[in-house]
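Could you walk me through this structure in my viewer, one selection at a time? I would like to know what to pick next and what I will find there.

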Amino acid sequence: MIFASDNWAGASAPVAAALSRHSTGLAPAYGGDPLTLSVKARFSELFECNVEVFFVPTGTAANALALSAYAKPGGVVFAHATAHVANDEGNAPEFLTMGQKIRGLPGANGKLTPAVLTNAMAEHPDGELNSGQVAGLSLTQATECGTVYTAKEIRALADVAKSRGIVVHMDGARFANALITSGGSAADITWRAGVDVLSFGGTKNGCWCAEAVIFFNPGEGSQFRYLSKRAGHILSKSRFVAAQFEGYLEDGHWLDNARHANAMARRLADGLVRSGFARLAWPVEANEVFPVLPTHVINRLRAEGAVIREWPPAGLEGHAAPGADEALLRLVCSFATTEEEVERFLALAAG
């Protein structure tokens with residue numbers, strides 16, 4: 001019963017098969033091989049436009065390098081206060097963007113609103129020497145609270161950002177999970193809604209080590225290879241990232257993985273709510289569940305082998321906030337989570 005993180009899951013069978021299929025023979029290094037070129041073309045088909053695609057091994061590299069392509073001296077990038085770029089990347093976005101500041105903003109359910117973003121941007125007027133230059137907006141999809149921005153919500157935020165001429169970046173570590181919930185196309189929740197650059201995650205959803213940075217405006221990624229080289233993220237054997245994405249994208253496998261993970265999270269959440277002793281801090285819209293549980297239930301689950309993680313309840317108020325003998329958990333489902341695993345967890349929680 002491992003619900004600690006979707007990063008704990010291994011590589012899915014189609015991804016592993018693709019890696020094995022391409023593991024022999026010789027091919028040009030540094031992304032010049034036919035497989036890498038064909039997979040990059042597949043991304044253009046997926047997003048229904050001509051995109052520039054670059055492979056990196058980690059989500060931190062994807063986010064930090066994507067933002068570095070648009071960096072300004074003294075720049076300020078706006079993100080939600082819970083965003084990974086603001087809290088969980090060792091200040092890599094600041095380091096690789098020449099000291100740009102990530103400014104975390106509040107918002108219910110892990111989401112920013114146009115009003116909050118407008119007010120924050122107004123504190124950094126153009127030409128003002130003291131407050132720093134507005135440089136970017138980073139949206140997490142799905143959010144760190146397990147919720148999903150709609151295309152309409154993204155467009156509203158992008159319009160605010162573009163009123164000041166700044167880039168809109170999307171951290172899509174769980175992009176597939178969000179796309180399943182959105183019901184639209186990959187294009188609908190990215191460039192059609194105003195996103196300029198996407199960190200497209202594969203590692204959390206069945207890949208071994210595969211992330212892509214996707215530029216939707218031709219030419220804006222012109223410096224990305226140099227930025228990646230300087231940061232130590234140019235892979236000589238790029239074809240092995242391409243191989244993962246080949247298996248990942250083939251026959252909609254990536255969406256099947258995400259659909260299963262989301263379904264397991266929904267099953268888990270519904271079972272906990274039916275128990276009567278649990279409540280949800282935020283809506284379950286992707287593959288993460290944030291329940292508030294009694295401490296004695298958490299202790300029993302751990303004693304029976306459940307691998308779970310407590311989560312800081314910052315910002316939770318009223319009914320959602322944990323009481324004296326309660327704690328907030330983050331339970332994450334993956335493509336490898338089974339129905340049996342979920343049902344055993346629910347049975348043990350119920351005692």
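Start by selecting His296 and Ala303 in this predicted model. Both are exposed, and they sit on the face of helix 12 that is turned away from its buried side.

Now colour the other side. Within helix 12, residues 295-303, the buried residues are Val297, Ile298 and Leu301. Look down the helix axis: these buried residues fall within an arc of 100°, so they line one face of helix 12.

What do the buried residues of helix 12 pack against? Show strand 10 (291-294), strand 11 (309-310), strand 12 (326-332) and helix 13 (339-350), and you have their partners.

Next, move to a pair of helices. Select helix 2 (residues 34-47) together with helix 10 (residues 239-249); their axes come within 8 Å and cross at roughly 40°. An angle between 35 and 65 degrees counts as oblique, and helix 2 and helix 10 are therefore oblique to each other. Their crossing is left-handed.

Note on methods: Residues are numbered from 1 along each chain as its sequence is written. This is a predicted model: local features need pLDDT of at least 70, side-chain atom pairs count only at pLDDT 80 or more; totals for chains, interfaces and linings use all residues. Side-chain values use heavy atoms; hydrogens and water are left out. Buried means under 20% relative accessible area, exposed over 50%, partly exposed in between (1.4 Å probe, protein chains only). Helices (H or I, at least four residues) and strands (E, at least two) are DSSP runs, numbered from the N terminus. The arc is that of the directions from the helix axis to the C-beta atoms. Contact means heavy atoms within 4.5 Å. Axes are lines fitted to C-alpha atoms, for helices over the stretch in contact, and angles run from 0 to 180 degrees between N-to-C directions. Angles under 35 degrees count as roughly parallel, over 145 as roughly antiparallel, 65 to 115 as roughly perpendicular and the rest as oblique. A crossing is left-handed if the near helix is turned anticlockwise from the far one by less than a right angle, and right-handed if clockwise.
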